[in-house]
Number of protein chains: 2
Amino acid sequence: MALKTISAKAAAALDKDLMSTGAFSIDQLMELAGLSVSQVVYRVHPIQKGHRILVAVGPGNNGGDGLVAARHLRHYGYQPTIYYPKRSKNDLYQRLAKQLEDLEVPFVDDFPAALESTDHVVDAIFGFSFSGEVREPFPAVIQAMAKTKIPVTSVDAPSSWNIEEGPPKSGVGSSFYPDVLVSLTAPKPLVKYFKGRHFIGGRFVTPAIAKKYDFDLPAYEGIDQVVEVGPNGQKL
Amino acid sequence: MALKTISAKAAAALDKDLMSTGAFSIDQLMELAGLSVSQVVYRVHPIQKGHRILVAVGPGNNGGDGLVAARHLRHYGYQPTIYYPKRSKNDLYQRLAKQLEDLEVPFVDDFPAALESTDHVVDAIFGFSFSGEVREPFPAVIQAMAKTKIPVTSVDAPSSWNIEEGPPKSGVGSSFYPDVLVSLTAPKPLVKYFKGRHFIGGRFVTPAIAKKYDFDLPAYEGIDQVVEVGPNGQKL
């Protein structure tokens, strides 16, 4: 039996609930989401397999999760590199970037070049609020992630995929199948098309919220912030 | 060789640095500090030893760390109970309390009664900014923690201890020796008088900050947010 999925619309409403009646700040939620992502990378790509991690950061919340994950990975001993071409003026994202600069994490402009000298890629470009066309400069980045043999971990959604309908039928992203996916709070319908290792993160959802949005809290173990499930959300 | 300690004054300046030039929000830092505390409790008091955790929460940041720790412990499967007699009007603390209420974590008024039906106590009453006299209603709470045979984990400092000089020579707290201490960012001078299991938490300090305040970053392992050291900060 697979975990229930939540639509893009429900995921947006859930986030809004967490930050209004749930009383969470976005700083808290992003810290815990990014921590989840860092724990997945640690699990699927132990540092002995190579410590270089390239994080592709988009302009919104998905990118913020990537910035937080990169910081934790740096503390674990990895060497992250950040590709962040569309820097937000939002105060939170600027602070998350500064926290990385203070750890001497490099920011680079040339994604294909950076891909030549990394061991793992984190795709934190677009999340559940993505729809429509992939805007510049991201088409080439997604094409490069589609082609590379280096393993890619996507945050919440493979960037460019339609949240409900999965990979685009043609064009940018149609051949992008990341190796690993971290679904935050609950899987989105696109997991039906996903084929790699799949984790759930975001261990802050209350039973009441899960009930309201009609999904099951996954069976996290111990102090883990993530739990592995089947590619399409099956319980393992 | 023991880890270097930092004075109360240095700890306050360090926090200020983290939140100004370091670009951290207090929400982020408190989330990570509380997470550290929850990981220590999980390690020293596995859930099989009893799932009931009484958290004594003071009016300031130390209390906030306790509220965050309680939430994570609830997610791990423990049943925390909160004693929080001096509720702050500060928005952050109010939100942290609401997050616990949404998980149906009970708040109680009678500390000695609550102590009768718990398996472990978290002392999050006072931290490094404490000095002078213990104010009401906390003297009786500290006396109860001093007397009980139930294990107590203190956050950053055994409440009532002088940060530089350790346990008071007489009166409230003079016989309070908690079983476990979680030093946040770096040990304070009081660890010279501490006799129990000792952990360092707060895996967000940059090498530059550690250098500025003249202490060593502890050797965290894997994805752990805490590392055990000797009672007085010796490397294990």
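1. The model is predicted, so local features need pLDDT of at least 70 and side-chain atom pairs count only at pLDDT 80 or more, while totals for chains, interfaces and linings use all residues. Residues are numbered from 1 along each chain as its sequence is written, chains are lettered from A and ligands numbered from 1 in the order written, and side-chain values use heavy atoms, without hydrogens and water.

2. Strand β5 (residues 152–155) of chain B has Val152(B) and Ser154(B) pointing one way and Thr153(B) and Val155(B) the other, and all are buried (under 20% relative accessible area, 1.4 Å probe, protein chains only). In a regular strand the side chains alternate between the two faces of the sheet. Strands are DSSP runs of E, at least two residues, and helices are runs of H or I, at least four, numbered from the N terminus.

3. β5(B) runs parallel to strand β4 (residues 120–124) of chain B, joined by three bridges; Val121(B) has Val152(B) as its bridge partner. β5(B) also pairs in the parallel sense with β6(B) (residues 180–184) over three bridges, and there Thr153(B) stands opposite Val180(B). Pairing requires at least two DSSP bridges between two strands.

4. Ile82(B) lies in strand β2 (residues 79–83) of chain B. Ile82(B) counts as buried because its relative accessibility is 0%. Its contacts (heavy atoms within 4.5 Å), not counting residues up to four places away in sequence, include Val55(B), Leu67(B), Leu100(B) and Phe107(B).

5. UniProt, in an unreviewed entry, places "domain: YjeF N-terminal" at residues 11–217 of chain A; positions follow the numbering used here, feature names are shortened, and annotations may be inferred rather than shown by experiment. Over residues 11–217 the chain is 37% helix and 15% strand, with the end C-alpha atoms 14 Å apart.

Technical notes: Buried means under 20% relative accessible area, exposed over 50%, partly exposed in between (1.4 Å probe, protein chains only).
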